[in-house]
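Hi,

Here is the structure I promised to send over.

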Amino acid sequence: MTSTQTVFTMNGGQVHLDRRPVLRGIDLTIRPGEAVAVLGANGSGKSTLIRALLGLVPLSGGGTFLYGTPPARFREWWRIGYVPQRLSVGGGVPTTIREVVASGRIARQRRLRPTGAADREATSRALETVGLAHRASDPVQALSGGQQQRVLIARALAGEPDTFVMDEPTAGVDAASQQLLADTLTSLVEQGKTVLLVAHELGPLEPLITRAVVLRDGCVCHDGPPPHAVGTHALPGHDHVHPHAEEKPASPLDWRPAS
Ligand SMILES: Nc1ncnc2c1ncn2[C@@H]1O[C@H](COP(=O)(O)OP(=O)(O)OP(=O)(O)O)[C@@H](O)[C@H]1O
C-alpha cells in the first residue's frame with residue numbers, strides 16, 4: 001500500500017537486532033492530523049518502531065512508507081520533525097542553542113543557498129515558543145535535561161514540518177517543560193499537524209492524545225483510545241524504570257481501558 005493519504009504506513013513490519021526479533025509483524029497506519037502515543041513497557045520495541053518508521057532501522061520483513069514512499073526513496077524530509085530521546089552534542093566544540101535550533105532548517109534549505117531571512121525568523125520563533133530566546137547564544141552543554149529537550153523541540157519546530165515524531169519527550173523533564181511541550185503540541189495539532197510520540201506516562205500530554213498504540217514484546221496489543229492513567233506509571237505488569245529520569249515516579253501506574 002502506498003497511499004499518499006497516510007503519513008506512516010507499516011505492513012507486517014519486522015525488525016531484528018542482534019538476530020533477536022524486536023518488532024514482530026507490525027501493521028500501523030498514521031493519518032495526517034492524528035495525535036498518537038506509542039506506549040508499552042521497557043524493551044517492548046517503542047523506540048525501534050518509530051526509528052523503523054523513519055527508516056533509521058532497516059526492516060527484516062514487511063514494508064514501511066512515509067507519505068506513501070519507502071524511506072530509502074523519500075526526499076521530503078522537511079515534512080518530518082524528529083525529536084530524539086536526548087541531545088548528543090560533541091564534547092569539545094561548544095555549540096550555541098541558536099545553532100542547534102537553526103540546524104532544524106537544513107532539510108528546507110536548497111543546496112548552496114545561504115541561510116535567509118525566513119530561516120532566521122523560523123529559528124527565532126521556535127526559540128520564543130520554547131522560552132529560550134533569551135539564552136540563544138549560550139552553549140547547549142550548559143543546559144539542564146529539560147532545557148536540552150526544549151532545544152530539540154525548538155529544532156523540530158524551526159523546520160516547520162507537517163509531522164512531529166518524538167521519542168519520550170517527557171522522560172526526565174521538569175514539570176514546567178512538560179507543560180510547555182503539551183501546550184506547544186496542542187497548538188500544533190490544532191493547526192492540523194501530525195504528532196507521533198513515545199511515552200511511558202502521558203501526564204500533561206493526555207488531553208491531546210487521541211489514539212494509543214500499545215506494544216508488548218514487539219507486537220501491537222492495543223490500538224485505540226488511550227488507556228486512562230491512574231497513578232503515575234504504565235500498563236498491566238508494567239515495570240518501567242527511567243535510568244535517565246531526574247524525578248522518580250511517585251507510584252506504579254495502573255492503566256485501564258478508556259470507558
Ligand atoms: N542497537 C541494538 N542492538 C541490539 N538490541 C537492541 C538495540 N536497540 C534496542 N535493542 C533491544 O530491542 C528491544 C526493544 O528496544 P526499544 O529501545 O525499542 O524498546 P523501548 O520500548 O523503546 O524501551 P524503553 O522503554 O526502555 O526505551 C530491547 O530488548 C532492547 O534491548
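Which residue in E9 is the bridge partner of leucine 215? That would be valine 220. Before you read too much into this, keep in mind that the model is predicted.

The pair belongs to a hairpin. Strand E8 covers residues 211–216 and strand E9 covers residues 219–224, and the two run antiparallel, joined by five bridges. Two residues sit between the strands, and in this hairpin aspartate 217 has a positive phi near 50 degrees.

Now the wider view. The protein chain has five helices and 11 strands. Of its 259 residues, 41% are buried. If you take the contacts with a separation of 6 or more, 69% of them are between residues 24 or more positions apart.

The other bit to look at is the ligand and helix H1. Around the ligand you'll find Leu17, Asp18, Val22, Gly40, Asn42, Gly43, Ser44, Gly45, Lys46, Ser47 and Thr48. By type, that shell splits into seven polar, two charged and two nonpolar residues. H1 supplies the largest share of the shell, with three residues.

H1 itself spans residues 46–53 and is mostly covered, with six of its eight residues buried. Those six are Lys46, Thr48, Leu49, Ile50, Ala52 and Leu53. After H1 comes glycine 55, with a positive phi near 80 degrees.

Cheers

Terms used:
Residues are numbered from 1 along each chain as its sequence is written. This is a predicted model: local features need pLDDT of at least 70, side-chain atom pairs count only at pLDDT 80 or more; totals for chains, interfaces and linings use all residues. Helices (H or I, at least four residues) and strands (E, at least two) are DSSP runs, numbered from the N terminus. A residue is buried if 20 or more other C-beta atoms lie within 10 Å of its own, exposed if 12 or fewer, and partly exposed in between; C-beta atoms are placed from the backbone. Two residues are in contact if their C-beta atoms, placed from the backbone, lie within 7 Å. A residue is near a molecule or strand if its C-beta atom, placed from the backbone, lies within 6 Å of it. Ala, Val, Leu, Ile, Met, Phe, Trp, Tyr, Cys and Pro count as nonpolar, Asp, Glu, Lys and Arg as charged, and the others, Gly among them, as polar. Two strands pair if DSSP finds at least two bridges between them.
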